[in-house]
Amino acid sequence: MSAQKTSSPKVVLVGNPNVGKSVVFNALTGAYTTVSNYPGTSVEVSRGHCRIAGRSYEILDTPGMYSMMPITEEERVARKILLTEDPHAVVHVIDARNLERMLPMTLQLIEAGLPVILVVNIIDEAERLGIQLDLNLLQENLGIPVIGAVMKRKVGLDELRQAIADYAMVPYKPFVYAPDLEQDIDQLIKLIHGDYRLSRRATSILLLQKDDDIVQLVAEKEAGNGYEQLTETIREITFKRRADLHLQISLERRKVCKQMLKQVVTQSVKEGEPFGEKLSRWMMNPLTGTPILLLVVYFGLYKFVGGFGAGTMVDFFEGNLFENYINPPVVNFSEKYLTANWLFELVAGEYGLWTLGIRYAVALVLPIVGTFFLIFSLLEDTGYFPRLALLVDLLFKKIGLSGRAVIPIVLGFGCDTMATLVTRTLETKRERIIATMLLALAIPCSAQLGVILGLLSAEPNALAVWTVFLLLVFLFIGFLASKVLPGESPVFYMEIPPLRLPQLRNVAVKTLTRMQSYFVEILPLFLFASVVLWAGKMTGTLGSVINVFAPVVKAIGLPVEVTTAFVFGFFRRDFGAAGLYDLQSSGLLNATQLTVAAVTLTLFVPCVAQFLVMIKERGIKVAVIIFIFVTAMAFSSGWFLNKVLLTTGLLA
Amino acid sequence: MERLSENAEEILESLWVMTVEGDNVGCLLTSLKVNSDSEELLELVQRAYVEVRDDRVYLRKEGRPEAQMTVRRHRLAERLTMDILGIAGDEGNDQACEFEHLLRQGVDTKLCTLLNHPTTCPHGNPIPPGDCCVTARQKGEPGIVALTELRSGEAGEIAYLAASDDKKMQKLMSMGVLPGSHVTLTQKFPSYIFKVGNSQFAVDDTLAREIHIRRPVQKN
């Protein structure tokens, strides 16, 4: 299989989530790439390079996987790497505290004939728990290189580099399962003729377990080569073992692991409950967990993102830096050289590339999104989200989601576009659709949130009405969707990683990476939007569009001027909100109108970027239906809220 | 002695539920939907299981064991139809009513052992213990219960995973939640949180119900 490739040898990192895989990646490559260690935000593969002894290696970091048989999308992505790449070495990273639980996957990798190096990471914390490991013995038992490591402090890094450089594939010691199982596996091995990346033994077991990708692969390769007999045999065996095939395989593997670990692990008694575990319990108990959540929302979102990010930082960038130092020269330059009116408008006019594109993106949106991503990465690194997930699971079930969906929903408060991408980690199509719709409808992104908080903060009552109303819409529409959409309700399960102190470097890297990908993805759209708006203004199309919307806007009790804000809202959610800001400053809106406008605008259609991602992820049909529904919902909610506020005189 | 008719069994069952478990003193003929000269009632009177005074039927001491076992059979049948066969709602009730009459001559004992001597029916009413339950308890056989039945803080060993959803079970297995593992339940609300080894997991009640735990043998 040694294809004639000029590229450098590949080293693939695999392992459960939360074992420090990405830390290993960063240590090896010295790169600043996405470090993601909770299930859900990263379904991508990071690539980096590393030089060892004068030779360059390509390092691939895969999403977390629990076994060779993928169940979730992340796992499928990770396994695909193993099926398609031709690795020089596969580095399996496991958590020293949970050897027995994670070793079965090492066995599967070895069984698949892959060149495995085992990194037993986090041995320092294991020692703190009173766990002593004899890794030399383990290495002997497994027949592959085993390295003890504390990767975040680079302990074991040299050994790992050495092991990668020295790696020589040796025939592995086969692990033997129960005789009856072995017999069945043998029977299949004899019927497989093609060449596969994974060993025939591993392929046979995966075939028995009905792994879709493998079944398809084998069907292609074995077609016309006794494939019928193979499927017939598989059918016979799986029927014979219908009661407990998966279980037996798992149990057999564990039996082998126990043998491998004999005398490797010694556990002494540990003392007391550390503070981390106490805090963890408080986070998971609804009585204490709810106040903690409120604190996180208040300080993290309201104070830090809303106050510091959208207030102080924006004031500094927009009000000071741009207003005083950057804008004047740009405007001067434009006035001097861009004499044609259309050109001036394109660059520095009301909707110009500079005014609406770059200045907005850099001065207004970036500080807000940046502070949000900082908080998000910080919380992510501590392991708070899985705890939040189990806390809200019961509530989320009512709206057709499982606690797992908490991650895309919370991320939506940062950027709905990114969050929509992340919904693909949800397990059922039904969940993905509901989450996509709720993101499009009721979750304001941080840019919009920042502006709206600023807008409404002068009117605490309006802010309260806005919050409560959006929450109600979120729950009500979710509840309806869960009743209307067919399909089974989701099941919730999640591993709860130990709480830990966030690693500053890690948090910084995550924040910067997110900001970078946000910027790379968003800036072109900002520019695109300003060109469209500029063209609209120049040709008068903008006016006609506004005229179409104007009656609807009037119907919900708002002045016609607000229409512009709504049209803008489609290009960037925050444009719309910022448009309102101008109107409010010029005193065109009273409290009721302001609230109605803010609510309608928050609910109103997702921005262009999000809509494009919706099409990509859910298909054009679903995306368009959601789009129409959201538009109708936004205006009818606005109408309804307007009536209620006028009738009750709540904000009068 | 000949077997009681099905209708007679139903009367005993109702009497048990209303007078022994409930606080009624005797039952009105009308609420049992029988006449004083109904065949099934005469059958019971003949065996001195019940007594009819005016318009009320009373369960006699002699009838209590039989009534108790009838109720037991009915609730075991409910466990069978609803838990094992997965028939829900009214359909489950109807099927249980049919099944209970088949559970005689030791079949109830076998079913009870198969179900691991359950103490309540799916509606939460007590299942009167049979001889098999008493023996099992005396031998100190550990009970196997769903994870949902443990108290928080209680520990045990995973006995088996009921595989209603293959994928989910595989997921649990690949995370190391396997039969034979020692588990400690730490929290029951809003999700079930348990520890296996040094790892912690959260599952919802659907999944928790499918993880069956062998309780450690009580030493006393």
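In strand E9 of chain B, Ile211(B) is the bridge partner of Leu161(B). The model shown here is predicted. Strand E5 (residues 155-161) of chain B and strand E9 (residues 211-214) of chain B run antiparallel and are joined by four bridges.

E5(B) has another partner, strand E6 (residues 182-187) of chain B. This pair is antiparallel too, with three bridges. Here Ala155(B) has Thr184(B) in E6(B) as its bridge partner. What holds such pairs together? Strands of a sheet pair through backbone hydrogen bonds, in a parallel or an antiparallel sense.

## Two domains in chain B

How is chain B divided into domains? The assignment gives domain 1 as residues 1-140 and domain 2 as residues 144-214. Their C-alpha centres are 34 Å apart.

## A three-strand sheet in chain B

Chain B also has an open sheet of three strands. The order is E1-E3-E2, and the pairing is antiparallel. E1(B) and E2(B) stand at the edges with a single partner strand each, so one side of each has no neighbour in the sheet.

Look at the pairing of E1(B) with E3(B). Two bridges join these antiparallel strands. Leu28(B) has Arg56(B) in E3(B) as its bridge partner.

## Helix H1 of chain B

Helix H1 of chain B covers residues 6-21, which makes 16 residues. From first C-alpha to last, H1(B) reaches 21 Å. That is close to the 22 Å expected at 1.5 Å a residue.

Which residues of H1(B) are buried? They are Ala8(B), Glu9(B), Glu10(B), Ile11(B), Leu12(B), Glu13(B), Ser14(B), Leu15(B) and Trp16(B). These buried residues pack against strands E1 (27-28), E2 (50-53) and E3 (56-59) of chain B. They also pack against helices H2 (29-32), H3 (39-46) and H4 (64-84) of chain B.

## The six-strand sheet of chain A

Now turn to chain A. Six strands form an open sheet in the order E2-E3-E1-E4-E5-E7, with mixed pairing. Strand E2 (46-52) and strand E7 (146-148) of chain A are at the edges; each has a single partner strand, so one side of each is left without a neighbour in the sheet. On average, neighbouring strands of this sheet are turned by 25 degrees against each other, direction ignored.

A helix packs on this sheet. Helix H5 (residues 135-142) of chain A touches strand E5 (116-121) and E7 of chain A. The direction of H5(A) makes about 160 degrees with that of E7(A).

## Strand pairs in chain A

Strand E1 (residues 10-14) of chain A runs parallel to strand E4 (residues 87-95) of chain A, with five bridges joining them. Leu13(A) has Val91(A) in E4(A) as its bridge partner. E1(A) also runs parallel to strand E3 (residues 55-61) of chain A, joined by four bridges. In that pair, Lys10(A) stands opposite Glu58(A).

E2(A) and E3(A) run antiparallel and share seven bridges. Ile52(A) stands opposite Arg55(A) in E3(A). The two strands form a hairpin with two residues between them. In the turn, Ala53(A) has a positive phi of about 50 degrees.

## A closer look at Thr233 of chain A

Thr233(A) sits in helix H10 (residues 227-240) of chain A. Why is Thr233(A) called partly exposed? Thr233(A) has 19 C-beta neighbours inside 10 Å, while a residue needs 20 or more to count as buried and 12 or fewer to count as exposed.

Leaving aside neighbours within four places in sequence, Thr233(A) is in contact with Gln187(A), Leu188(A) and Leu191(A). Ser8(A) is 225 residues from Thr233(A) in sequence. The C-alpha atoms of these two residues are 41 Å apart.

## Where the chains meet

In the contact between the chains, 28 residues of chain A touch 28 residues of chain B. On the chain A side, the elements giving two or more residues are helix H3 (99-111), helix H11 (245-261), helix H16 (384-398) and strand E9 (493-496). H11(A) gives the most, with five residues. The residues on this side of chain A divide into 16 nonpolar, six polar and six charged.

Strands also pair across the two chains. E9(A) and strand E8 (residues 199-203) of chain B are antiparallel partners over four bridges. Met494(A) stands opposite Ala202(B) in E8(B).

Methods
Residues are numbered from 1 along each chain as its sequence is written. Chains are lettered from A and ligands numbered from 1 in the order in which they are written. This is a predicted model: local features need pLDDT of at least 70, side-chain atom pairs count only at pLDDT 80 or more; totals for chains, interfaces and linings use all residues. Two residues are in contact if their C-beta atoms, placed from the backbone, lie within 7 Å. The expected span of a helix is 1.5 Å times one less than its number of residues. Two strands pair if DSSP finds at least two bridges between them. Domain bounds come from an automatic or database domain assignment. Axes are lines fitted to C-alpha atoms, for helices over the stretch in contact, and angles run from 0 to 180 degrees between N-to-C directions. Ala, Val, Leu, Ile, Met, Phe, Trp, Tyr, Cys and Pro count as nonpolar, Asp, Glu, Lys and Arg as charged, and the others, Gly among them, as polar.
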